[in-house]
Amino acid sequence: MKTHVEFPNLGIDLTLNRRMIEFDALGGGIYYYAVIICLGFFLAWLYINAKEKKAGKSTEPILDMILYALPAAIICARLYYVIFSFDSYKDNLSDIFKVWEGGLAIYGGVIGAMTVIIIYCKAKKLSALHYLDLVSMGLFIGQSVGRWGNFVNGEAHGSLCGDNFILGMCINGEGPFHPTFLYESVLNLTGFLVIHFLSKKVRFEGFCFYFYLTWYGIIRFFIEGLRTDSLYIPGTEIRMSQALSLILFIAGVLMLIINIKKNQQKISEEQ
């Protein structure tokens, strides 16, 4: 299983194996996509752990949350995908469980993981916003790295672009397409760098979380409009992830404005 990727205007021509290791006897193997996703997750965990240790806080709750949030994220990512592409599964429901054939939606995973974290924090009487802040910063890292799994698979690309577009990408002889995986990877990395430095100056709980909703919401809104594999709200021509991105962007902006004003008022009163 190979993917031929070419960036004609950059002189890049690659043939990529989708499998890192093949198990001939079983007809399966270890895919680069899975390895890259795990790498992104691992780097996010390292960053979050280091940030908590530097603040002199226990990292034990983070590990506990991961044990609950990770399976929830996978299940919800699959459910999100299946719900909004149910026509592909309604005649053979057993295919719903064939996760190895693809079909995980990042938004479903994020919703699942954050829901579990909120429930966990409420049960343990911890600050949910504090841990949502940490997770949001980790998500920027994980998503930035993870999108390269789409590159290896030759998927999640955008619509056709002009032959003279410098970043035009051809996949298996077709294209050139917008490399939306690259756009999202770079913009997520940029978002991480911005929030990494801003979080040192803005010190109210929820800031990183609201920033994530705002930043990722707006970039995904525009990138989703370029993609050719979008999931649609049943019976409409509305892209589900694009609509959700717009809602998250508006919610994030409102929460940032409200909380920044509250924080400024609190500082004024203390002075």
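A crossing of two helices is called right-handed if the near helix is turned clockwise from the far one by less than a right angle. With that convention stated, I turn to the structure, which is a predicted model.

I begin with the helix pair. The crossing of α1 and α4 is right-handed. By residue class, the contact of α1 with α4 comprises 17 nonpolar, eight polar and two charged residues. Helix α1 covers residues 32-54 and helix α4 covers residues 128-153; their axes come within 8 Å and cross at roughly 155°. Because angles over 145 degrees count as roughly antiparallel, α1 is roughly antiparallel to α4.

The next element is helix α3, residues 106-124. At 1.5 Å a residue, its 19 residues should span 27 Å, and the end C-alpha atoms are 27 Å apart, so the two values agree. Which residues of α3 are buried? They are Tyr107, Gly108, Gly109, Val110, Gly112, Ala113, Met114, Val116, Ile117, Tyr120 and Cys121. When reading that list, colleagues may recall that an α-helix has 3.6 residues a turn, so residues three or four places apart point the same way. After α3 comes Lys125, with a positive phi near 60°.

I close with the strands. Strand β5, residues 169-171, pairs with strand β6, residues 174-177, in the antiparallel sense over two bridges. Met169 has Phe177 of β6 as its bridge partner. How many residues lie between β5 and β6 in the hairpin? There are two, and Asn172 in the turn has a positive phi of about 50°.

Methods
Residues are numbered from 1 along each chain as its sequence is written. This is a predicted model: local features need pLDDT of at least 70, side-chain atom pairs count only at pLDDT 80 or more; totals for chains, interfaces and linings use all residues. Side-chain values use heavy atoms; hydrogens and water are left out. Axes are lines fitted to C-alpha atoms, for helices over the stretch in contact, and angles run from 0 to 180 degrees between N-to-C directions. Helices (H or I, at least four residues) and strands (E, at least two) are DSSP runs, numbered from the N terminus. Angles under 35 degrees count as roughly parallel, over 145 as roughly antiparallel, 65 to 115 as roughly perpendicular and the rest as oblique. Ala, Val, Leu, Ile, Met, Phe, Trp, Tyr, Cys and Pro count as nonpolar, Asp, Glu, Lys and Arg as charged, and the others, Gly among them, as polar. The expected span of a helix is 1.5 Å times one less than its number of residues. Buried means under 20% relative accessible area, exposed over 50%, partly exposed in between (1.4 Å probe, protein chains only). Two strands pair if DSSP finds at least two bridges between them.
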